[in-house]
Amino acid sequence: MTTTDLADRYGAPAPWRRKALLVASVALAAAFLGWLGWTVWAQSTPEVESAMIGYDLVGEHEATATVHIDLADDDVEATCLLRAYAKDHSVVGELSFTPTGSGRTEQTVRTERRATSVELIGCTAPGQNRPR
């Protein structure tokens, strides 16, 4: 019985295959890392951000909220949403407003009955689906 070389028996792989696989893997990894970097940058630099500073329950049918808004540019067309809740956690008032610029703003929410809390849902801008 003679021993034969496996390459003689089954054939040797083409010499360019290993280099092609390496180049394709590096290109795919570079494309993925580029996409990941772009996604992180796009999500970390929104056009508008907002934060609730506080609220005051003025009367039976009114609540005021103080909100701080940061616009990336002065020409950003942002929309913000406030919600007022009653003691039983039902929504008793809602206000959608367009901020005039960055900074602190006070908004009045009209309510159906006495509210116990006011929540800032957030602000959105064109191309920014998630409220912030």
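This is a predicted model: local features need pLDDT of at least 70, side-chain atom pairs count only at pLDDT 80 or more; totals for chains, interfaces and linings use all residues.

Student: What makes E1 and E2 a pair?

Tutor: First, the names: strands are DSSP runs of E with at least two residues, numbered from the N terminus. Two strands pair if DSSP finds at least two bridges between them. E1 and E2 have 10 bridges, in the antiparallel sense. The definition asks for at least two bridges, so they count as paired. One of the bridges links Asp 56 to its partner Thr 64 in E2. E1 and E2 also form a hairpin, with 2 residues between them.

Student: How do you know that E2 and E5 pair?

Tutor: Count the bridges again. Strand E2 (residues 62-71) and E5 share 8 bridges and pair in the antiparallel sense. Val 67 has Thr 105 in E5 as its bridge partner. Put together, the order E1-E2-E5 makes an open sheet of 3 strands, with antiparallel pairing. Strand E1 (48-59) and strand E5 (103-110) are the edge strands, as each pairs on one side only. From one strand to the next the twist averages 25°. The axes behind such an angle are lines fitted to C-alpha atoms, and angles run from 0 to 180 degrees between N-to-C directions.

Student: Why are E4 and E6 called edge strands?

Tutor: They belong to an open sheet of 3 strands with the order E4-E3-E6 and antiparallel pairing. Strand E4 (91-97) and strand E6 (117-124) each have a single partner strand, so one side of each is left without a neighbour in the sheet. The twist in this sheet averages 15° from one strand to the next.

Student: What holds the pairing of E3 with E6 and with E4 to the definition?

Tutor: Bridges, once more. Strand E3 (residues 79-85) is joined to E6 by 7 bridges, and the two run antiparallel. E3 and E4 pair over 6 bridges, also in the antiparallel sense. Leu 82 has a bridge partner in E6, Leu 120. Leu 82 also stands opposite Leu 95 in E4. Thr 79 stands opposite Thr 124 in E6.

Student: Is His 89 called buried or exposed?

Tutor: Check the cut-offs: buried means under 20% relative accessible area, exposed over 50%, partly exposed in between (1.4 Å probe, protein chains only). His 89 has 67% relative accessibility, so it counts as exposed. His 89 lies in the loop between E3 and E4. These two strands form a hairpin with 5 residues between them. His 89 has a positive phi of about 70° although it is not a glycine.

Student: Which label do Glu 49 and Gly 93 get?

Tutor: Glu 49 is at 39% relative accessibility, so it counts as partly exposed. Glu 49 lies in strand E1. The C-alpha atoms of Glu 49 and Cys 123 are separated by 6.4 Å, though the two are 74 residues apart along the chain. Gly 93, in strand E4, has a relative accessible area of 7%, so it is buried.

Student: What makes a set of residues a nonpolar core?

Tutor: The members are buried Ala, Val, Leu, Ile, Met, Phe, Trp, Tyr and Cys residues, joined through side-chain atoms within 4.5 Å. The largest nonpolar core here has 21 residues, of which Val 48, Ile 69 and Leu 82 touch the most other members. E2, E3, E4 and E6 give two or more residues to this core. The largest share, 5 residues, comes from E2.

Student: How many nonpolar, polar and charged residues are in the lining of the largest pocket?

Tutor: The lining divides into 3 nonpolar, 5 polar and 3 charged. Among the lining residues are Pro 46, Gln 128 and Arg 132. By definition, Ala, Val, Leu, Ile, Met, Phe, Trp, Tyr, Cys and Pro count as nonpolar, Asp, Glu, Lys and Arg as charged, and the others, Gly among them, as polar.

Definitions and conventions:
Residues are numbered from 1 along each chain as its sequence is written. Side-chain values use heavy atoms; hydrogens and water are left out. Helices (H or I, at least four residues) and strands (E, at least two) are DSSP runs, numbered from the N terminus. On a 1 Å grid over the protein atoms alone, a cavity is a set of points where a 1.4 Å probe fits but cannot get out, and a pocket is an open set with protein on both sides within 12 Å along at least five of seven lines; lining residues have an atom within 4 Å of a point.
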